[in-house]
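Subject: Structure handover

Hello,

Here is the structure I promised to pass on. Please open it next to this email. My notes follow below it.

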Amino acid sequence: MTAECTFKSKDLLGIKELSKDEIALILDTASGFRDVLRRDIKKVPALRGKTAVNLFFEPSTRTRTSFELAEKRLSLDVLNLSVTTSSVVKGETLMDTALNVQALGADFMVIRHPSSGVPHLLSGNIKASVINAGDGTNEHPTQALLDAFTIMEKKGRIEGLRVAIVGDILHSRVAKSNIYLLTKFGAEVRLIGPPTLVPKRLEQLGVKTFYDMETGLKDADVIMMLRIQMERQDRGFFPSTLEYSRYWGLNMERLSLADKEAIVMHPGPMNRGLEIASDVADGPRSVILEQVTNGIAVRMAVMYLLGGVRG
Ligand code: CP
């Protein structure tokens, strides 16, 4: 993977919009920041004097804290706003909130929102760099970037790897961003789950679909487990969590179907004992906590490169 381009857009809206060279540039830049994060003094003055505002209109543990740490490591001034502490609860529109945040001097706006397309809407209307931290069922680009960084770290390449993504693909922004990224880099992407959550039409994206773990996991190099989205369970996408776990949960026996060097990933939050057994999540093949650590370097790289575009 080589990085021979400059980053063009002022925003990071999705992986779909990024070229392969731009993704390689982010991953190469993240590598440098990963080294900075191993030092005693983990802070660089790259974006000193600039301001980042984190607007989170949905719960988040990893993404919000990871962005905040990345911003602080880049010497940005940081403000955090959530739906409960913003005037959105008093009826203010999202656009008015964003324009007010911009008037306060924000250079970066990191946004998570339950509606797909919100970062794109803000992007066209505000001057600050907009970074998508997860929009509805659309995309979660920094998650896919940190996943790619982790795969590169463990496997040294993406091209030609057999990557199985297991679970609720239909509603997963993590899966969408990963599908766009992994297919751009020539991985063999396999989607596994119940037919209601893995529609055949997704094969138009250059992936293979499987409805049973035994076939889909065979010789896989990377297994990405997705969270069972309990909030959608009442809509009948699968009979029960117990049944889901029995057919599509990852346990040690199923892990043995994959390549003997296979790594296990999960974006979190995990439902232990449902989509993933605890001995797998905590076992030697799991890179789940390394994904979290790598997220800081990747988000630093994204903000640093967008900062360069903004001058
Ligand atoms: N992976 C992820 O988006 O986790 P959070 O919801 O905790 O941010």
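Start with a network: salt bridges link D35, R38 and E153. A salt bridge here is a side-chain nitrogen of Lys or Arg within 4 Å of a carboxyl oxygen of Asp or Glu. Side chains of opposite charge can pair when their charged atoms come close.

Before the rest, some ground rules. This is a predicted model, in which local features need pLDDT of at least 70 and side-chain atom pairs count only at pLDDT 80 or more, while totals for chains, interfaces and linings use all residues. Residues are numbered from 1 along each chain as its sequence is written, and side-chain values use heavy atoms, with hydrogens and water left out.

**Salt bridges**

The search of the whole structure gives 14 salt bridges. One of them joins D221 and R162, at 3.7 Å from N to O. D221 sits in the loop between α7 (213-216) and β8 (222-225), and R162 in strand β5 (residues 162-166), so this pair ties together parts 59 residues apart in sequence. Helices (H or I, at least four residues) and strands (E, at least two) are DSSP runs, numbered from the N terminus. D221 is buried, at 8% relative accessibility. R162 is partly exposed, at 28%. Buried means under 20% relative accessible area, exposed means over 50%, and partly exposed lies in between (1.4 Å probe, protein chains only).

Which residues does E188 bridge to? One is R190, with the closest N and O atoms 2.8 Å apart. Another is K208, where the closest N and O atoms are 3.7 Å apart. E188 is partly exposed at 25% relative accessibility. R190 is buried at 8%. K208 is partly exposed, with a relative accessible area of 41%.

**Aromatic pairs**

The whole structure holds four aromatic pairs. Rings of Phe, Tyr and Trp (its six-membered ring) pair if their centres lie within 6.5 Å; planes under 30 degrees apart count as stacked, over 60 as edge-to-face and the rest as tilted.

Take F33 and Y304. Their ring centres are 5.5 Å apart and their planes stand at 75°, so the pair is edge-to-face. F33 belongs to helix α1 (residues 20-36) and Y304 to helix α11 (residues 288-310), so the pair ties together parts 271 residues apart in sequence. F33 is buried, at 7% relative accessible area. Y304 is partly exposed, at 39%.

Now Y244 and W248. Here the centres are 5.8 Å apart and the planes at 50°, so the pair is tilted. Both residues lie in helix α8 (residues 241-248), four residues apart, about one turn of the helix. Y244 and W248 also belong to one aromatic cluster with F238 and Y247.

**Helix α8**

Which residues of α8 are buried? They are Y244, S245 and W248. The buried residues pack against β5, β6, α7, β8 and α9 (252-255). Contact here means heavy atoms within 4.5 Å.

Best wishes
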